[in-house]
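I opened the notebook today to look through this model one topic at a time. Here is what I looked up, in the order I went.

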Amino acid sequence: MTETASLRDYFLLEARHAPRRAPIVAALVGGLGVLGTHALLVRFPARALHFLEQAFDLRGLASVLLINDLMAAYFAPYFVGLAGLLGAIVTAREEGQLEVLLAKPIHARVLLAARVGPILGAAALTGAAVAIATGLSILPHLAPGDMVSAAGALGGGLFLTAFALLLLALLLPLLVRMRDAFHALLVGSLVWLLPLMPTAVMIYRPDVYEGSAILRSAITLPSLVWHDAAAAWVGPLGLILVAPFCALFVRIAGHVLERTDTR
Amino acid sequence: MIRLQWLDYLATLRERKTWLCGAMLLYAVLSIPVMLARPPAHVQEAIAAWFGHGGPFVLFMYVWIDLAMNKMVAFLPVVLASGIVLRERDVGVLSILAAKPLSMPRYFALRAVSACAVMATLHVGAQLLGLVYFTARVPGFRPLAFLAAMTPHLFAAIFATCFSAAIAGWVKHRGASALIGLAVLGLLLGLSLIGFYQPAWRNLTLVNPMSLGALALGNLDHLGPKDLAPPMLALSLLSLAAIAIGAAGVRRMEA
């Protein structure tokens with residue numbers, strides 16, 4: 001009982017020390033970014049908007065706005081989470097704190113769970129806030145017969161938040177072995193960029209996807225816009241389902257940390 | 001001081017993150033010709049409309065700057081420069097450095113110049129490698145116009161590095177410094193070509209330093225010193241100002 005109580009206290013203590021300002025600022029900046037992008041794009045010449053429609057196989061202004069908004073819902077939670085994880089794990093090792101912390105009667109996996117949980121939770125809230133801003137801000141631009149809806153926009157934003165959390169969780173076993181925060185930041189940035197490459201290929205080499213519509217839908221970002229009705233429920237479901245995956249990878253990373261020299 | 005600068009440059013060049021940056025640039029060089037093997041008609045039409053003239057070389061330069069080099073400049077300067085001096089403070093080395101006859105602003109300037117030199121080495125290396133590879137792989141490739149167009153972009157990359165260092169000098173927290181650097185540089189680079197998409201905003205976008213780095217895209221056929229010198233001069237002055245601002249920020253930093 002005593003041990004359970006002390007562990008709960010420890011989890012609460014770590015949660016209290018988790019970064020708070022960065023997720024709040026990122027959510028605000030992400031929301032303002034969405035509104036700013038709308039203000040710019042609606043003033044673009046029709047030719048430039050038509051190019052985006054052709055490049056991403058879209059129809060209507062709302063869908064063009066949404067494809068840009070979704071980037072904010074992918075960027076904000078990922079980099080807020082990554083910065084938090086670097087501070088909690090890699091920087092702590094660089095500064096010699098991790099070695100001291102692990103000298104206490106506490107398992108590496110418990111320490112990792114207590115530190116990482118609040119960071120991933122804050123990243124999820126940041127992404128959810130940007131997704132809500134996306135869903136609400138798309139409303140004035142919707143026209144009858146549009147391929148997108150506010151619910152689909154919200155769902156798309158939540159799906160990308162869940163995807164960002166999944167990438168962060170997958171990175172964890174790697175981060176617990178790293179000793180340079182800026183090397184880790186570069187690796188993290190690379191992991192963020194890689195899933196966007198199939199979308200870039202779609203703009204300049206659409207022939208690559210000829211005859212493989214399923215592959216195109218599975219790996220490109222505009223898929224969330226094409227499948228608006230599905231995005232409305234897949235997004236929230238994804239955010240729920242990603243939680244056990246994150247827990248699993250925190251556990252795996254904990255085992256890796258236990259077997260790693262923390263100096 | 002010059003000896004110390006040289007040694008610091010070499011040490012930064014040898015870091016693992018610098019090698020990874022180099023690998024990313026190598027991947028960009030190798031992948032762009034593949035990306036441009038069969039451009040769709042709507043892309044070619046859009047490029048011709050935005051830049052006043054089409055053709056494979058203009059399309060190549062647009063993709064090289066927008067898809068490859070601008071993305072690199074959004075990340076690499078932050079990785080190279082947004083932790084300078086802060087890392088030394090956090091790992092407890094700053095108190096040792098503070099005992100040396102080198103003031104904190106001068107040490108900051110030294111580290112920032114090293115980061116800029118490494119960024120410049122990576123940038124120039126990628127262009128020179130590209131010069132050889134693209135000549136063989138890209139139809140209609142014009143080596144001299146390519147080098148001329150990428151020169152202001154090099155100055156933009158150096159400014160981005162100085163800017164990331166200046167953020168570190170004032171924010172004084174590595175995580176926040178990196179986040180702010182990524183967000184601001186991402187925004188500036190995202191808006192850097194907007195003057196080509198919306199000609200009515202062309203003059204307004206010149207306040208964006210990253211737009212100055214890509215100005216050559218609008219005049220690839222007649223690039224001369226009159227087109228290249230003003231953005232390079234402006235970016236050099238901005239870089240010096242960024243280092244001075246960052247150095248002022250670390251003046252009162254405690255070891």
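Before anything else I settled how elements are named: helices (H or I, at least four residues) and strands (E, at least two) are DSSP runs, numbered from the N terminus. I am working with a predicted model, in which local features need pLDDT of at least 70, side-chain atom pairs count only at pLDDT 80 or more, and totals for chains, interfaces and linings use all residues. Residues are numbered from 1 along each chain as its sequence is written, while chains are lettered from A and ligands numbered from 1 in the order in which they are written.

**Entry 1: a positive phi in chain A**

I looked up Asp57(A), which sits in the loop between helix 3 and helix 4 of chain A. Asp57(A) is not a glycine, yet its phi is positive, at about 60°. Asp57(A) has 17 other C-beta atoms within 10 Å, so I noted it as partly exposed.

**Entry 2: the helices on either side of that loop**

I then checked how helix 3 (residues 46–56) and helix 4 (residues 61–94) of chain A meet: their axes come within 10 Å and cross at roughly 75°. Axes here are lines fitted to C-alpha atoms, for helices over the stretch in contact, and angles run from 0 to 180 degrees between N-to-C directions. Angles under 35 degrees count as roughly parallel, over 145 as roughly antiparallel, 65 to 115 as roughly perpendicular and the rest as oblique. Helix 3 and helix 4 of chain A are therefore roughly perpendicular to each other. From helix 3 of chain A, the contact uses Leu49(A), Leu52(A), Glu53(A) and Phe56(A), and from helix 4 of chain A it uses Leu61(A), Val64(A) and Ile67(A). For contacts I use this rule: the C-beta atoms of two residues, placed from the backbone, lie within 7 Å. The residues of this contact are 6 nonpolar, no polar and 1 charged. In that count, Ala, Val, Leu, Ile, Met, Phe, Trp, Tyr, Cys and Pro are nonpolar, Asp, Glu, Lys and Arg are charged, and the others, Gly among them, are polar.

**Entry 3: chain by chain**

Chain A has 12 helices and 0 strands, and chain B also has 12 helices and 0 strands. For chain B, the radius of gyration is 19 Å, close to the 18 Å that the globule rule gives for 255 residues, so chain B is as compact as a globular protein of that length. The radius is taken over C-alpha atoms, and the rule is 2.2 Å times the number of residues to the power 0.38.

I put the remaining totals in a table.

| Chain | C-alpha trace along principal axes | Buried residues |
|---|---|---|
| A | about 65 × 35 × 30 Å | 47% of 263 |
| B | about 60 × 35 × 30 Å | 49% of 255 |

**Entry 4: where the chains touch**

How many residues of chain B are in contact with chain A? I noted 31 residues of chain B against 32 residues of chain A. Helix 2 (16–35), helix 3 (41–51), helix 4 and helix 9 (174–190) of chain B each supply at least two residues of the chain B side. Helix 9 of chain B gives the most, with 7 residues. That side of chain B divides into 22 nonpolar, 4 polar and 5 charged residues.

**Entry 5: two spots in chain B**

Pro77(B) lies in helix 4 of chain B, and it is buried, with 28 other C-beta atoms within 10 Å. Among the residues that Pro77(B) touches are Met119(B), Ala157(B) and Leu185(B).

Val85(B) is in the loop between helix 4 (56–81) and helix 5 (86–90) of chain B. Its phi is positive, near 70°, in a residue other than glycine. Val85(B) counts as buried, with 25 C-beta neighbours inside 10 Å.

Definitions and conventions
Buried ≥ 20, exposed ≤ 12 C-beta atoms within 10 Å, placed from the backbone. Lists of a residue's contacts leave out its neighbours within four places in sequence.
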